[in-house]
Amino acid sequence: RGAQSASQIDLKPEKHGPGHSPPSPRQSVRKNLDFEPLSTTALILEDRPANLPAKPAEEAQKHRQQYEQMVAQAKKRDLKEAQKRRKQLEDRCKLEESIGNAAQTWNQEILPNWSAMCTSRRVRELWWQGVPPSVRGKVWSLAVGNELNITHELFNICLARAREKWKSMPTAPPTEPETEGNASLSLADREASLELIKLDISRTFPHLCIFQQGGPYYDMLHSILGAYTCYRPDVGYVQGMSFIAAVLILNLDTPDAFIAFANLLNKPCQMAFFRVDHSLMLKYFAAFEVFFEENLPKLFVHFKENNLTPDIYLIDWIFTLYSRSLPLDLACRVWDVFCRDGDEFLFRVALGILRLYEDVLTRMDFIHNAQFLTRLPDHISPDQLFSHIHAVHMTSKNRKWGQVLQALQERNSPVLKR
């Protein structure tokens, strides 16, 4: 359209006799032009038809320059896209080669000599870089251990009990679980929290569509959570457990996932949270704030001024071990080092996240801070986050995490004021 306008093509209608319909505009164009242009570019480059005045030399030169610029820009874009694709392919090949080499090292050197090598500096450095997915489950199992001495037979016994309980339950849909109320329930009532598992499973990694009813891992997740509820009726089922069990299922066979799950939840920090021990939870939050102020004093003051207490964002991070808050591949890398370093690393990761987004958070008010931290961005660079985690110092006045936490536990219970 633009080219025709620039050329000022004047198509005069022809006279038609009776019974003849006038040609369509397209037909008129074709009749008056000596050629069929393939595109507006062709109109720019081709000479005008003989029945029209020729383009002025300046206009023709201008059009040719514009066309050459367009072609050059298109080639530049294509070249840039090709280079980007080649770089992505090279990076992917390098990553796959690196993962393959690392898996070989873990399988052939580290795992066969686990007790002798797991604490070596070389292995700890490899661990920090991320455990290869093919050996991740085995490394997690060894690192978490089995202090509870759970066997596959015990898992089957607990699972059988859970199935019996499910059979005897009414078919009415379960109500929302009350996490806070679990602490006051009797053992029998906590076993009744089996009823709530089905409700929570449907909300576990819904985007993957593998844990929902009909999905390939639905029964496995149901089995682990049910068996655990019967194994630990004093704890029962608590929201957040389904995400932890799901991550383990993705990396381990069902009985081994149950063993790792039960031992993982038996750690002091996890037990404090899943048993909803408010006094102990507050001490963990208070210890976190000691290192928060040490590492990020400006953001710490900003949160204090806005009454943003750590329980607002930490509870979900700790309950699910970041599996709901971070992209799954990044959450698994966090789990790698968590299995190596224990509870302290969970709080170090929290400080790493705050450090990564410090500039953004210091410009937000209470509401936007809370919204941001309870729904982190979907795309977080693993290398960037781990770089910020690495920069976090877990010492305060020459005291390490464990020493600060112990000192707080020996005092009266701290109170977090909102």
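Modeller: Start with H15, where Glu289, Phe292, Glu293, Glu294 and Asn295 meet Pro297, Leu299, Phe300, Phe303 and Lys304 of H16. Contact means heavy atoms within 4.5 Å. Helices are DSSP runs (H or I, at least four residues), numbered from the N terminus. By class, this contact has five nonpolar, one polar and four charged residues. Nonpolar covers Ala, Val, Leu, Ile, Met, Phe, Trp, Tyr, Cys and Pro; charged covers Asp, Glu, Lys and Arg; the others, Gly among them, are polar.

A word on the source: this is a predicted model, with local features needing pLDDT of at least 70 and side-chain atom pairs pLDDT 80 or more, while totals for chains, interfaces and linings use all residues. Numbering runs from 1 along each chain as its sequence is written, and side-chain values use heavy atoms, with hydrogens and water left out.

Now the geometry. H15 spans residues 278-295 and H16 spans residues 297-305. Their axes lie 5 Å apart, at an angle of about 125°. Axes are lines fitted to C-alpha atoms over the stretch in contact, and angles run from 0 to 180 degrees between N-to-C directions. H15 and H16 are therefore oblique to each other. Oblique is what remains after under 35 degrees (roughly parallel), over 145 (roughly antiparallel) and 65 to 115 (roughly perpendicular).

Next, the pockets. A pocket is an open set of points on a 1 Å grid over the protein atoms alone, where a 1.4 Å probe fits, with protein on both sides within 12 Å along at least five of seven lines; lining residues have an atom within 4 Å of a point. H4 (57-110), H7 (133-144), H18 (328-341) and H22 (382-390) each give two or more residues. H4 gives the most, five. The lining holds 10 nonpolar, three polar and four charged residues.

The second largest pocket holds about 370 Å³. Arg324, Ser325, Leu326, Arg375 and Asp378 lie nearest its centre. Its lining has eight nonpolar, four polar and five charged residues.

Last, confidence. Mean pLDDT (the predictor's confidence in each residue, from 0 to 100) is 85 for the chain. H19 (residues 343-356) is highest at 98, and H1 (residues 2-7) lowest at a mean of 46. Residues 28-33 stay under 50. Where pLDDT is low, the predicted coordinates should not be read in detail.

Methods: Points joined across faces, edges and corners; volume = space filled by probe spheres on them.
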